[in-house]
Amino acid sequence: MHISESIITRTWEFGETDLLVSFFTADRGRLKGVAKGARKSSRRFANCLDSFCLTRLEYERKSGRDLYLLNAGKLIHGFPELRTDFHALSLASYMVELAETLFPLEVAEPRMFALLKEAFNALSGQMKRDELRIFFEAKALTLGGYGINFERCCDCGRLYAGEGRAVFKHSKGGIACLRCEKESARLPGLDPDTAKGLNQIQTTPLDDAQKVTLTDGMLDEMKRVLRQHLRYSLGKELKTERYLA
Ligand SMILES: [Zn+2]
């Protein structure tokens, strides 16, 4: 039997009285399990299987299947703010979908789990939502292996010294110098401060990344870059994205 701190990402009704539960753990990645009788008696799973709950789950693998059997759960934190505020709920759903897209079942990445937990905390707090979305996207993509390369021009290889504007090329997941590319709607430009800030967000923990001061201009540039980077890296638009508009 395993016990893991888990984030419940979604549930489905299953059979007459059961619930099928998708959950993220730090040590085993994202898993799916059945909570037997959870819809009939809530004693073993008191208020702990709602989406976005942080729950200590007891579970075991059913032989030879990737479906686990959930034995019991205990609520650690319910993040009630995420359920009463439509925008917070939408952003939390979007974060979960991005994490699920980047990490298939049973691929453990403790930092992704920690990032989700920190982001839910931040969503319940004072942090500006558009900043939090940028931080989460940049960090999740980096953990998933899609960090943007700010080190050198992806065309000519020239080191980027952080002086002068650069151009983001989604097809290369990196920046190009202005000798190699021109800014356009398809190839958004970045100020040196934007490039430096986004690089810092990618590489530092969420708590420290929040110390990066973002101007409105930097935010706009980061949004444009990340929009293109996400679509291209994932090869699709996330379903939950439209609720954020
Ligand atoms: Zn170049």
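Visitor: What makes strand 1 and strand 2 a pair?

Guide: Two strands pair if DSSP finds at least two bridges between them. Strand 1 and strand 2 are joined by eight bridges and run antiparallel, so they pass that criterion. Ile7 stands opposite Phe24 in strand 2. The two strands form a hairpin with three residues between them, and Gly15 in the turn has a positive phi of about 60 degrees.

Visitor: Before we go on, how do you know which residues and features to trust?

Guide: This is a predicted model, in which local features need pLDDT of at least 70, side-chain atom pairs count only at pLDDT 80 or more, and totals for chains, interfaces and linings use all residues. Residues are numbered from 1 along each chain as its sequence is written.

Visitor: And what counts as a strand or a helix?

Guide: Both are DSSP runs, numbered from the N terminus: helices are H or I with at least four residues, strands are E with at least two.

Visitor: Which strands make up the closed barrel?

Guide: Five strands, running 1-2-3-5-4 with mixed pairing. The twist averages 50 degrees from one strand to the next.

Visitor: Why are helix 4 and helix 5 called oblique?

Guide: The axes of helix 4 (residues 129–143) and helix 5 (residues 192–203) come within 8 Å and cross at roughly 60 degrees. Angles under 35 degrees count as roughly parallel, over 145 as roughly antiparallel, 65 to 115 as roughly perpendicular and the rest as oblique. That makes helix 4 oblique to helix 5. As for the axes, they are lines fitted to C-alpha atoms, for helices over the stretch in contact, and angles run from 0 to 180 degrees between N-to-C directions.

Visitor: Which residues meet where helix 4 crosses helix 5?

Guide: Phe135, Ala138, Lys139 and Thr142 from helix 4 meet Leu198, Ile201 and Gln202 from helix 5. Contact here needs C-beta atoms, placed from the backbone, within 7 Å.

Visitor: What about helix 3 and helix 4: how do you know their relative direction?

Guide: The axes of helix 3 (residues 110–123) and helix 4 come within 10 Å and cross at roughly 175 degrees. That angle falls in the class over 145, so helix 3 and helix 4 are roughly antiparallel. Helix 3 brings Arg111, Met112, Leu115, Ala119, Ala122 and Leu123 to the contact, and helix 4 brings Leu132, Phe136, Lys139, Ala140 and Leu143.

Visitor: Is Lys172 buried, exposed or in between, and what makes it so?

Guide: A residue is buried if 20 or more other C-beta atoms lie within 10 Å of its own, exposed if 12 or fewer, and partly exposed in between, with C-beta atoms placed from the backbone. Lys172 has 14 such neighbours, so it counts as partly exposed. Lys172 sits in the loop between strand 6 and strand 7. Lys172 and Ile8 are 164 residues apart in sequence and 35 Å apart in space, C-alpha to C-alpha.

Visitor: How much of the chain is buried?

Guide: Buried residues make up 34% of the 245 residues.

Visitor: And where do the domains lie?

Guide: The bounds come from an automatic or database domain assignment, which gives domain 1 (2–77) and domain 2 (127–148 + 184–244). Their C-alpha centres lie 32 Å apart.

Technical notes:
Two residues are in contact if their C-beta atoms, placed from the backbone, lie within 7 Å.
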